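Colleague: I am new to this one. Can you take me through it?

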Amino acid sequence: MNRTTRAPIALPVRDGNGAATAVPTPARTTTRRRPASPQWAAWAFLAPVTLYLALFYAYPLYRNLDLSLRNYTVRSFVQGDAPFTGLANYRTVFDDPTFAPALLHTVVFTGVCLVFQYSIGLALAVFFNQHFRLSATLRALFLVPWLLPLIVSASTWSWMLNSDSGIVNAVLHAVGVDSVNWLTSPTWSLTSVIIANIWIGVPFNLVVLYSGLQSIPTSLYEAAALDGAGPWRRFWSITFPLLRPVSAITLLLGLVYTLKVFDIIWIMTKGGPADSSTTFATWSYQLGFGNLLPAFGPGAAVGNLLVVAALVFGLVYVRVQRKQALS
């Protein structure tokens, strides 16, 4: 503690003859509290977040890695005495005949969904950026698919694409086109879940990209218009380049979300028929929980492959952003 000393104060005192003399009073010392270290305050604010990340992210990842490196059965899963097998579960996954189709379906499902979700979301964002009448109302209506629970959206699409009573086949009949077995045909099952996932993901892209468009100064468009640039020229020379940082984070978040899509596929097709719409997410669940004799180790190994894929793309994004910041 810091100590401060006050100067003595002279008090008048009269002697026997009536003369006043000054007698100094003893000096008093006061203590001043030192302010708490800002480092402790920072740790106090970080503690809840650190605890949350450790409990709900770090520990589950550790447990999933442990599952993939041991031969877990139902009994050993409860008792915790599973033998260590190293990379045997990963070799089992790679040698499984389902691995190649599941990898192909995951890549196709993720790539097609990202392209169409971003393209449609960007087109709608540019359209609503014109600020016409009822623009805000229509934007709110486009958010409905995003706000609905996934089980509701997937069930709705299952009804719409039903081969016998679906509204999609009813419309095809009305225009003279034969019915399509959307959910029960190996040719169309993956296309069906892709269409449903695109419909669900477009509102997210619309919201993020529309927010990015609001940050672009209107003076740039006015100057380009004065120079004779048309709408397409203004889009490719102003909108698209300045929207690149927002587009990058939108695509990254969409990639991570689409890689782990499980609800829509499982409710609509359960990965079938004949594994024609199986992805890594549904395959991992099927291995771990979809059989009477669950294969916890291989299921965890497939899940870890998804984690590694998301981590790789995340690191690529961080590296690209760092290079852009330095340039």
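What follows is a short exchange about salt bridges, a surface patch and pockets.

Colleague: What kind of model is this?
Modeller: Keep one thing in mind from the start. The model is predicted.

Colleague: How many salt bridges does the structure hold?
Modeller: Side chains of opposite charge can pair when their charged atoms come close. A pair counts here when a side-chain nitrogen of Lys or Arg is within 4 Å of a carboxyl oxygen of Asp or Glu. For the structure, the count is 2.

Colleague: How far apart are the closest N and O atoms of Asp66 and Arg63?
Modeller: Asp66 and Arg63 are 3 residues apart in helix H1, which spans residues 38-68. That spacing means they are separated by about one helical turn. The two form a salt bridge, and the closest N and O atoms are apart by 3.3 Å.

Colleague: Is Asp66 buried or exposed?
Modeller: The cut-off for buried is under 20% relative accessible area. Asp66 has 12% relative accessibility, so the residue counts as buried.

Colleague: Which helix gives the most to the nonpolar patch?
Modeller: The patch lies on the surface and includes Leu134, Phe142, Ile151 and Trp199, with about 770 Å² of accessible area together. Two elements give two or more residues to the patch: helix H5 (135-142) and helix H7 (150-160). The top contributor, with 3 residues, is H5.

Colleague: Is Leu141 buried or exposed?
Modeller: Leu141 is one of the patch residues. This leucine lies in helix H5. Exposed means over 50% relative accessible area. At 54%, Leu141 therefore counts as exposed.

Colleague: Now the pockets. Which helix supplies the largest share of the lining of the largest pocket?
Modeller: The largest pocket has a volume of about 560 Å³. Helices H1, H12 (244-259), H14 (280-289) and H15 (296-326) each give two or more residues to its lining. The largest share is 7 residues, and it comes from H15.

Colleague: How many charged residues are in the lining of the largest pocket?
Modeller: The lining has 23 residues, and among those nearest the centre are Asn64, Ser284 and Val307. By class, 17 are nonpolar and 5 are polar. The number of charged residues is 1.

Colleague: And the second largest pocket: which helix gives the most to its lining?
Modeller: About 340 Å³ of space lies in this pocket. Its lining has 13 residues, with Val126, Asn129, Gln130, Tyr221 and Thr239 nearest the centre. By class there are 6 nonpolar, 6 polar and 1 charged. Helices H9, H10 and H11 each supply at least two of the lining residues, and the most, 4 residues, come from H11.

Key. Residues are numbered from 1 along each chain as its sequence is written. This is a predicted model: local features need pLDDT of at least 70, side-chain atom pairs count only at pLDDT 80 or more; totals for chains, interfaces and linings use all residues. Side-chain values use heavy atoms; hydrogens and water are left out. Buried means under 20% relative accessible area, exposed over 50%, partly exposed in between (1.4 Å probe, protein chains only). Patches are made of residues with over 30% relative accessible area and no salt bridge: like charges are joined within 9 Å, nonpolar side chains (Val, Leu, Ile, Met, Phe, Trp, Tyr) within 5 Å. Accessible areas come from the Shrake-Rupley method with a 1.4 Å probe; for residues, only the protein chains shown count as cover. On a 1 Å grid over the protein atoms alone, a cavity is a set of points where a 1.4 Å probe fits but cannot get out, and a pocket is an open set with protein on both sides within 12 Å along at least five of seven lines; lining residues have an atom within 4 Å of a point. Grid points are joined across faces, edges and corners, and a volume is the space filled by probe spheres set on the points. Ala, Val, Leu, Ile, Met, Phe, Trp, Tyr, Cys and Pro count as nonpolar, Asp, Glu, Lys and Arg as charged, and the others, Gly among them, as polar.
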